[in-house]
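Have the viewer open as you read.

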Amino acid sequence: MLHRLAHTRVCRCFILPTPRALSNAPVPAPTPPAAPPLSAADLEQLLRRCHYSASNHRFHSLLPLLSHPSVLLSSALHLSRRAHPSLPTPPQPPPITIAAAAAAFSSPSSHLRLLLPSRLKGQPLPVPTLPLRLAFRCAASVLDAVFASRAATFAYRGRHAAVRYLKSIPSASWFFRVAIPRQPFAPRHVRRLLGAISNKVDDPGFLEFLNELFVSDAVAFELGGCELGRGLPQESELTGTLVNIFFNIVDGEIMAIREEVHKKHPRMKDDDDRVRHTPVRVYAVRYLDDILVVTSGSKMLTIEIRDRIIAALERDLEVKVDRLGSSIHSAVSEKIEFLGIEFQAVPPSVLHPPMSEKAKRARKKYLKMKAEKAQELKNARETRRKKLGLKILNHLFKRMRRGEEFEFDFRIEKEVQQVFRDWAEETVAQYFESREHCQYWHRLLTSGDFLSLNRVRDQLPPALVDSYDKFQETVDSFLMPMRSHDMTEEEERLAEEEEEKQYEKRTVEDLTELKMRANVPIDLVRKAVKLTGFTNSMGRPRPIKLLLCLDDVDIIKWYAGVGRRWLDFFCCCRNFKMVKTVVTYHLRFSCFLTLAEKHECTKRQAISHFTKDLKVANHDGMAEVYFPTEREIKMMGDKNLSDPKPVDGALTMILVRLAVDGTSYPCLAHFCAKTETVLYRIRLLQNRLNIDPLNEKKWVHGLGAIHESLNKKCLPLCSMHANDLFLGKITLQDIDCTQFVDVE
């Protein structure tokens, strides 16, 4: 009964506009299809208005709010947009799924399915159904709205946003990464998490719902692993939000440390520009359970900060921390890996080095060729104009000789005069810009002048001599430019002064400033390329024989998905050129060799057939390009950064198309009603190579892996979603993994 009354109260808040109307008679709840979706701002406003108690500063009645049709519809639209990135308007979720999601809040364990692994020693994976995933999304949106105002500014939800902040840190001296070893999110952690939520939420039913999610393994993850934030199927939509709430205590401790340090070391106003003051500062970045702290102070201060953070983790959150792995590193002489990228503090001249002599000569040559090309185009334009004018005059002259008269409806003498006047002014201006022409006329006007002799000047009237001197000064000012060698010396002197100023500025900046450099871990990328099979032991491209059973289009799409996501992920790095080379050379030619191996031809024949851009014909016979072209790769950089797509799912999974005709299985993508599907079998990299992803000696450090229970599972997909999954536009989180098809 209480649950029903709370649900009625929430529905009134959605329908009635004023608080006064809330005291009237109850209004019946709207049907799910008629309920309007809520945006994040509207949801936060609704929570503040109808579910917040000013007396105890806590939120209440959140569980009835989760099952409201408007909240369910907005979450369903979010999942639909994410699962249909190729459509401008995603399909509307069916009301049946929304109603089932409302029922999932009462019994989440009944909406779980166990996926058994293909190996006998493997662990099963509990996978939520689509209604339960929708319930997860509703809970995540409500918790984000509740804890949005309490979130720290350095707790990032996007990788590129965190990297952009790290690159802006000035004058770093020491840094350390809080090393959390792999450990399950145990009941003691769940108790701490629910305690942190109960400080802001006064709803026992909602807390019991979250506790049941952990008890039934509907939400299960590990701290210190590499599966969080990767788009893997073993991660739910609620994981990121719960991890941020769990680490909110550590965020508060870091904020208190920063405030104390900034008060002890205030920024001083520099009265003299020659005095540079760099106060001690503390910078922190947290992405889910990964924490990096950077300081510009002493090592003892950094050790004290590290001990306080580790103490907060062990005391308040009961999280095990590897103290040896959390050692202090010099930001100048050592590198540290964070979010799959290496960071190091370097002088500004390393990030922006001066041009070498070879580059300067090449630039001068380019500018000279550009000026010559512009002059050639100008001469050609003037030649064409001259020929056209001569043709027109010749034609008019012939007609006038025959006695023909020209009659015009309007007079154009003024317009013609203005045109010729403009041409004359442009010609004179261009003439005086030429140094050779000015020297020629100056020589003509001053050579053999007898008025420069003193005996002649004494015999002439002073007025004539003064007029001559003024005329000579005017001629010199207009037609006597600086001598060529004097001009060259002046230019060289100015260039030397400018170079000395730039050298002085770079020297001062290198001695007083430090910039954070983000680099791609080259060794890990090479290990990943070799582990996947793109290259052989000598580092040269080789074919991947597991892809031979795929169609040509699917082979190219698989390579394109891996290459594009690598480019998007590492585009913020300084040595991004290395990743461009890997994608342009290793992946592209590995694709050519795979296609050549499939068709039993040579590499040259494969390149001539598919072209260097790997063009392939679609169903309509039109050529399409999925793999990034060389020109497109050259233009990529860190100009427009966005949160990158997960890379691990594309690299460690291969979809093999099954030769089954006449299937009528529906597409397993969320809210996709198409029945014209094709069966694909999932083949995982770690099972194919028989390698344990937890073994960092054989596996790539930091590379996440899809759970082994999905190996050899078959899923029907329509052509659009199969294309999106190959190209990396969607992940396995956008697919209902509980509806896999059993095919022998």
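Helices (H or I, at least four residues) and strands (E, at least two) are DSSP runs, numbered from the N terminus. The model is predicted, so local features need pLDDT of at least 70 and side-chain atom pairs count only at pLDDT 80 or more, while totals for chains, interfaces and linings use all residues. Residues are numbered from 1 along each chain as its sequence is written, and side-chain values use heavy atoms, with hydrogens and water left out.

On a 1 Å grid over the protein atoms alone, a cavity is a set of points where a 1.4 Å probe fits but cannot get out; a pocket is an open set with protein on both sides within 12 Å along at least five of seven lines, and lining residues have an atom within 4 Å of a point. Grid points are joined across faces, edges and corners, and a volume is the space filled by probe spheres set on the points. The whole structure holds three cavities of 30 Å³ or more.

In the table, Ala, Val, Leu, Ile, Met, Phe, Trp, Tyr, Cys and Pro count as nonpolar, Asp, Glu, Lys and Arg as charged, and the others, Gly among them, as polar.

| Space | Volume | Lining residues | Classes |
|---|---|---|---|
| Largest cavity | about 150 Å³ | 18 residues | 13 nonpolar, three polar, two charged |
| Second largest pocket | about 1200 Å³ | 41 residues | 22 nonpolar, nine polar, 10 charged |

Nearest the centre of the largest cavity lie Arg-565, Gly-649, Ala-650, Met-653 and Leu-725. Two or more lining residues come from each of helix H21 (552-570), helix H25 (648-651), strand E18 (653-657) and helix H27 (719-727). E18 gives the most, with three residues.

For the second largest pocket, the residues nearest the centre are Gln-123, Leu-125, Glu-222, Gln-234 and His-707.

**A helix pair**

Helix H22 (residues 576-599) packs against helix H23 (residues 603-610) at about 105°, their axes 8 Å apart. Axes are lines fitted to C-alpha atoms, for helices over the stretch in contact, and angles run from 0 to 180 degrees between N-to-C directions. H22 and H23 are therefore roughly perpendicular (65 to 115 degrees). In contact (heavy atoms within 4.5 Å) are residues including Phe-589 and Phe-592 of H22 and Ile-607 and Phe-610 of H23.

Three strands form an open, mixed sheet in the order E1-E2-E8, where pairing takes at least two DSSP bridges. E1 (52-53) and E8 (201-202) each have a single partner strand, so one side of each lacks a neighbour in the sheet. E1 pairs with E2 (residues 58-60) in the antiparallel sense over two bridges; Tyr-52 has Phe-59 in E2 as its bridge partner.

Conventions. Parallel < 35°, antiparallel > 145°, perpendicular 65-115°, else oblique.
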